Amino acid sequence: MKTVFKLSERFGTFLSDGSSANVFRFTEVEPAITTGITVVLDFEGVTNMTDSFGNALIGGLVHNHPEILKGGIEFKNCNPLMRTLVSLAIDVARLMSRKQVA
Amino acid sequence: MVIVLPASVFEDDLPNFLATIWHPVEGETLSFDFSRVVFYIPAAVTMLIARIDHARRVGLPGELLGLKECKSFGYLQRIDFFDQLGIALPEAFERHDSGTAFVPLREVVPEPVSLRDDPLSSELAKCVANADSGDVYLLSQYSLGEIIANLKQHACERGFVCAQYTPKSDLVRIGLADSGIGIRQSFRDGGAPKYREEMSDSQVLELAMSLWGSSKAHRVGAYGGSQNRGVGLTITRFMVAESYGHFFIASGRAWWFRDGLKPPVSGVFSNACVQGTVLSLGYQRHHVTDYSKLRAQAWESLGLTKPQTDNTLFT
């Protein structure tokens, strides 16, 4: 089962505010993950994203639920730039996790 | 006390300008003399309005003098400088849509976290890029998004943002200033683990610009873990430098400036203290050629190798 969150409908074409991303992650995405549903973040129409937003939403998800990278999350309709930015956010979360373990 | 404002303020003049407008107030009034003012870059405009806004907020009586003689009076009216201060002045011109020539000075208000789109960064970026796509647009949108979010999160008072493109020099200029609690107090209030009370203002400034330097990066709030990794300012600073642009920041008694890839310069105000935080950044459009590469390079420079993420995550 999958739940799709269409990001441009909530935040517009520019994902900018990390605080908003944090609220969204905590109140909507993480509850879905904890029920075992595969989360789909749909980037259709999204053209740019700040690091604050990416780290709060994607980084936060990966940091709190590292297991989602094994089939629990999908990033849909990413253009090449968004693909790079999503990948960066995931790698930052991994880096942060390693720093905390160390 | 009357502060006589200088005729022009460019990037190199910002420390002296701040020292002038944030000079300790002598007497019980504070007025500003605009009679010599001709040209200020956007950052200087935001710094000035934030200073006047602060004086009015703390109840310091004073006047804005010399407006009739001020050569940029019409321009200041046109960008809503006086309107934002709640001062209604008759206008000797008819207002037209500015198109992408400039965007009026905008107020940035600290607000509780919300789930909504904030179009301000995109609107300003469109103005300076004269387009709503492309590398200059994306870099401007990113920079504005990060610094506006910082102000909303940390200032605790309203601030102002202004952006302009100057065709002759091909320069995109962005300015943002508030007269809120400033960086040191934000670190104090946030209980930032790396902050020490004995740090100088220059050290506090360096900490704010460092990776993971956010005053709130460690906090667990109402919405779970950290909402801020403290990277936005660092990445912005890197991308501006790689685009041979300038980056200026000041708060408290310290300022820091870097012009392109030259070594940064910094200093301390001997007899002034900037209430809040001020930022100026700029770059020439023709130097901004590959936004995606800039973002990746910024992270590589901070110790993160090229993204290694599994492609099966993308559908």
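This is a predicted model: local features need pLDDT of at least 70, side-chain atom pairs count only at pLDDT 80 or more; totals for chains, interfaces and linings use all residues.
Residues count from 1 along each chain as its sequence is written, with chains lettered from A and ligands numbered from 1 in the order written. Local features need pLDDT of at least 70, side-chain atom pairs count only at pLDDT 80 or more, totals for chains, interfaces and linings use all residues, and side-chain values use heavy atoms, leaving out hydrogens and water.

**Exercise 1.** Work out how many residues of helix α5 of chain B are buried, and what covers them.

Step 1: grab the terms. Helices (H or I, at least four residues) and strands (E, at least two) are DSSP runs numbered from the N terminus. Buried is under 20% relative accessible area, exposed over 50%, partly exposed in between (1.4 Å probe, protein chains only).

Step 2: go through residues 120-129 of chain B; eight of the ten are buried, among them Leu120(B), Leu124(B) and Val128(B).

Step 3: look for the cover. It includes β2 (14-15) of chain A, plus β6 (106-108) and α6 (135-154) of chain B.

**Exercise 2.** Classify the ring pair Phe11(A) and Phe24(A).

Step 1: recall the rule. Rings of Phe, Tyr and Trp (its six-membered ring) pair with centres within 6.5 Å; planes under 30 degrees apart are stacked, over 60 edge-to-face, the rest tilted. That gives 15 aromatic pairs over all chains.

Step 2: apply it. The centres are 5.4 Å apart and the planes at 75°, so this pair is edge-to-face.

Step 3: Phe11(A) is in α1 (residues 7-11) and Phe24(A) in α2 (residues 18-34), 13 residues apart. Both are buried.

Conventions: Contact means heavy atoms within 4.5 Å.
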